[in-house]
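Let's go through the terms one at a time.

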Amino acid sequence: MRKAYIVAAVISAVLLAVPAFAETSGPTDLAGKTVQLFDTNHSKPTVLIFVRTDCPISNRYAPELIRLYNELSSNAIFYLVYADPANTVEVIHQHMAEYGYTFTALRDPSHVLVKFAKVRVTPEAAVFSARGQLLYHGRIDNRYVDFGKAMPQPTRRDLEEALRAAVAGKPVQVASTTAIGCFLADVQ
Amino acid sequence: MTRLLLRALCAAAFSVMAAHTADAAPAITFYRQIAPIIYKNCAHCHRPGESGPFSLLNYDDVKRRATQIAAVTKRRYMPPWLPEPGYGDFVEERRLSDAQIQLIQEWVKQGSPAGPIADAPAAPQFTSEWQLGTPDLVLHVQQPYQLSAGGPEVFWNFIIPVHLKTTRWVKAIEIRPGNARVIHHASVIVDRSRSARRREKSPGSGFAGMDLTVAETTFDPDSTFLAWKPGNVPAPEPDGMAWRADPGMDFVFNVHLRPSGKAESVNPAIGLYFTDKPRTKFAMLMELEHDGAIDIPPGERDYVVSDDFRTPLDLMVLAVYPHAHYLGRLMEGYAMLPDGTRKWLIRIPEWDLNWQGVFHCKKPVYLPRGTVISMRYHYDNSADNVRNPNKPPKRVRGGSQANDEMGNLWLQVLPVEKGDQRAVLQDALMRRLYEKYPEDFIANFNLGDLLLSQGKAANAIPYFERAWKAEPRSALAATELGTALASASRMPEAIQRFQQALDLDPKFTDARYDLASAEAASGQWEPAANGFRQVLKERPDDAKAREHLGEVLFTWGDELAGAGNPGAAVERYSEALTYRAEDAELHTNLGVTLAQLMRFKEAQAELVAALRIDPSSETARKALAAVQAQIKDK
């Protein structure tokens with residue numbers, strides 16, 4: 001089984017541009033359709049937020065992610081990315097309802113987006129320019145310092161800073177940070 | 001991608017080579033080496049319904065977390081275990097050896113192979129029901145707590161009335177957190193005087209608060225820790241160490257909750273297991289602390305809080321419960337024996353409030369009389385302490401709120417000498433407290449209580465006066481001062497204190513009861529009767545109040561009858577009967593008084609009732625004869 005996944009990932013990464021493959025193993029929305037990730041017409045940045053249904057740190061960030069969505073989704077395109085192949089469409093719908101997510105969700109079972117966004121764990125985010133240039137990838141904020149070591153409140157909201165800069169068309173100051181969370185390599 | 005594949009191929013080639021070169025060193029597989037470690041140390045919490053956020057019950061579960069497991073075990077974040085090995089041996093220990101951790105790292109490096117299933121150990125078996133079997137009594141919270149999706153950690157208290165008809169001995173308690181994934185820690189506090197429920201806005205609503213003090217009016221200190229933490233395995237008390245549960249008492253269920261990202265309902269339950277064997281061994285919880293000395297400047301990296309206590313008795317330490325809030329770092333508890341040797345009780349190199357818990361000693365630690373028990377706690381109030389609740393750091397003082405700091409080392413101790421030695425220990429503890437804080441409420445209050453329990457009421461008075469001075473808003477202090485004054489026969493002052501207590505807290509039923517008792521003792525029947533009536537409104541099942549109200553009405557009736565007011569006397573006697581229906585003397589006096597009012601038929605009925613209860617009553621018999629003669633004449 002494991003080998004099969006690796007092979008699929010290799011092929012889909014190489015052939016990302018080929019629609020036939022993108023439909024079977026590339027990222028899709030919950031209806032199974034490929035999506036237009038970048039807003040080339042309207043110059044809005046895109047943010048991908050990688051989550052896992054059974055990752056406690058990722059789940060604990062739901063209220064913060066919803067806040068960012070509520071404040072910034074009119075100026076940026078938000079996607080919630082489920083990269084665990086075991087997360088079926090039904091499981092994802094249920095998870096979103098439980099945690100109150102209303103954004104568009106994507107399935108990325110072959111980790112095409114994971115690699116594209118250079119993320120390692122959940123929760124982790126990537127901000128892209130409207131033309132698809134990776135401007136930021138890393139943690140949501142600096143609340144978690146290590147496993148089991150969290151500050152009561154974050155002192156830096158890295159994703160929000162990067163996203164607001166991208167929305168304003170300003171340069172993103174910090175291009176990457178290290179996120180603490182559940183390793184995506186485990187669900188390849 | 002190619003590189004990754006290459007690495008995987010190399011690893012495979014290497015393991016093939018390794019297998020060829022060293023037949024005796026087989027590859028690490030899940031079923032052979034890893035599963036036993038996971039099943040024993042992780043699965044207890046990582047299973048459905050328990051505190052672990054995901055299950056670790058089979059190969060697929062573990063495989064999906066392999067890198068994660070390697071990372072968190074390497075850091076010793078999991079399994080969570082605070083005490084340093086070699087500084088105390090504890091029943092609860094759930095800690096991996098260095099070799100086990102290394103094995104997990106190697107296994108993950110090798111691609112986390114399952115291996116032949118024939119090697120699989122038996123899958124762990126757990127019950128989702130009560131672990132100790134069906135409890136004799138199950139108690140639920142009155143209103144579940146609704147935890148919001150985000151925000152800070154919450155410390156919540158539920159009041160759980162303990163519905164019992166008679167006193168029972170409890171040999172075990174099992175706490176079911178209800179929603180284990182959001183509960184970090186829970187403890188049950190026995191509240192015999194139902195003092196905590198007065199902090200609720202409405203009955204059953206609960207209240208917020210991290211650490212709380214429960215007021216007790218009698219000396220019967222708790223003997224055991226009633227606590228739950230993730231991975232908790234409930235255990236019955238040792239023989240002879242059952243603890244008492246009284247009708248009418250409350251449990252205060254204190255929980256530390258952490259939001260999970262979605263709204264959660266928290267609805268814990270408690271199961272009690274009774275025994276017919278009463279307590280024969282009097283263990284006691286005692287505390288080292290110096291919260292009053294805590295005053296940590298901002299930026300201070302190593303602030304030490306210490307306390308020392310010389311034990312007046314030979315003691316066995318059965319369990320240890322260290323406690324601090326977010327600034328605590330290194331925590332040490334040890335004992336210096338009279339011969340100069342040091343025995344460690346516990347050492348926690350890096351404190352984390354989230355994993356606090358009670359640690360039961362595998363073998364009781366013997367401390368002879370004269371041993372000095374010490375705590376040395378180190379606090380870090382710098383910005384480098386990630387758990388520091390204040391950014392930037394602020395001055396932090398001792399206190400029970402989450403932003404205050406605490407330093408407690410609780411011990412469960414059992415005096416070696418037979419019988420109840422707790423008063424001797426309590427006396428020494430309170431003297432130590434008094435030494436630390438001469439004006440302190442608890443020191444003065446408890447010393448006063450101790451003296452009162454020894455019948456030294458007059459000596460107790462100054463302690464209670466100081467306690468009340470320390471906490472002028474404390475209705476309890478005013479009440480206990482009143483009790484001491486009443487016991488020293490200073491009744492008018494006692495009455496005044498009880499009235500002041502009720503001014504401070506009109507709902508404090510104990511004070512109302514004491515006031516009514518003092519008024520009754522002073523012959524003030526009317527206010528005494530009104531007082532007891534009110535007590536019964538507040539506590540309808542209070543047998544003592546019923547008995548006393550009956551007594552007051554009876555005596556009041558006698559006084560009215562003697563003063564030539566039989567009409568009023570009959571009213572008192574009749575009301576008294578509500579509470580003393582089986583009192584032959586009361587029936588007799590009521591009968592005689594009714595006869596004086598020429599109400600012979602009613603008098604006859606009362607006297608017949610008196611004789612039914614006590615056929616030997618000469619007075620009733622004679623009165624009945626006279627009444628019956630009157631009825632005949634008519």
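Q: What makes L139(B) and I270(B) contacts of F251(B)?
A: Two residues are in contact if their C-beta atoms, placed from the backbone, lie within 7 Å. By that test F251(B) touches L139(B), I160(B), V162(B), V188(B), I189(B), V190(B), D191(B) and I270(B), leaving out residues up to four places away in sequence. This is a predicted model, where local features need pLDDT of at least 70 and side-chain atom pairs count only at pLDDT 80 or more, while totals for chains, interfaces and linings use all residues. Residues are numbered from 1 along each chain as its sequence is written, and chains are lettered from A and ligands numbered from 1 in the order in which they are written.

Q: Why is the set that includes F251(B) and F464(B) called a nonpolar core?
A: The term means buried Ala, Val, Leu, Ile, Met, Phe, Trp, Tyr and Cys residues joined through C-beta atoms within 7 Å, buried meaning that 20 or more other C-beta atoms lie within 10 Å of a residue's own. The largest such core has 138 residues, and among those touching the most other members are I160(B), F251(B) and F464(B). At least three of its residues come from each of domain 2 (137–275) and domain 3 (285–436) of chain B, with bounds from an automatic or database domain assignment.

Q: What makes L65(A) part of another core?
A: L65(A) belongs to a core of 45 residues lying apart from the largest one, together with residues including Y79(A), Y144(A) and C182(A).

Q: How do you know that chains A and B touch?
A: The contact takes 27 residues from chain A and 23 residues from chain B.

Notes:
A residue is buried if 20 or more other C-beta atoms lie within 10 Å of its own, exposed if 12 or fewer, and partly exposed in between; C-beta atoms are placed from the backbone.
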